[in-house]
Amino acid sequence: MAPEQETKLSVSIAADNTIEAALAGSISSAHIDDLKSWVENLKKAILEVSGNGSGKVFILIDISQMGSFDDSSFDVIKDLLVFDKKYVTKTATFGGNTLTVMAQKTLSILSGRDNFKAFKSREEALTWLKS
């Protein structure tokens, strides 16, 4: 069995007010506290950007290094998507494998989000976010 990747989660606000985030490594139940902390940081960034007066919140998430996930992490992400539905204009992920993209499509349906899409590259994701 291959060793589990180190979990690295980040959230930042770019100069153009796009929220840039990354999910790397395992986000399974063994790392659920890290994921919950990442979600709280993302919520704070969403509220900060939504309060800046532009009325538009764009989120770009790098999932190219994301490892394992499970029902616990799936539920945490679903709850985030339900929360941010009223604030976020568009969310784009990039770099996901087939399994993570399928999970993302399921999360989109369960959360009622039609503005949450997956892309192969960062450039494709940014083009869609800004269109």
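I started with who lines the largest cavity: helix 1 (32-50), strand 3 (58-62), helix 2 (71-84), strand 4 (90-94) and helix 3 (98-111) each give at least two residues. Helices (H or I, at least four residues) and strands (E, at least two) are DSSP runs, numbered from the N terminus. Helix 2 supplies the largest share, 6 residues.

Housekeeping: this is a predicted model, where local features need pLDDT of at least 70, side-chain atom pairs count only at pLDDT 80 or more, and totals for chains, interfaces and linings use all residues. Residues are numbered from 1 along each chain as its sequence is written, and side-chain values use heavy atoms, with hydrogens and water left out.

How many residues line the largest cavity? I got 22, with Leu23, Met66, Ile77, Leu107 and Phe116 nearest its centre. A cavity here is a set of points on a 1 Å grid over the protein atoms alone where a 1.4 Å probe fits but cannot get out; lining residues have an atom within 4 Å of a point. By type I noted 16 nonpolar, 5 polar and 1 charged (Ala, Val, Leu, Ile, Met, Phe, Trp, Tyr, Cys and Pro count as nonpolar, Asp, Glu, Lys and Arg as charged, the others, Gly among them, as polar).

I found 5 strands in an open, mixed sheet, order 1-2-3-4-5; two strands pair if DSSP finds at least two bridges between them. Strand 1 (8-13) and strand 5 (116-119) are the edges, each pairing on one side only. Strands 1 and 2 (residues 19-24) run antiparallel, joined by 6 bridges, and I saw Lys8 opposite Ala24 in strand 2.

Terms used. 1 Å grid on protein atoms, 1.4 Å probe; cavity = no way out; pocket = protein on both sides within 12 Å on 5 of 7 lines; lining within 4 Å.
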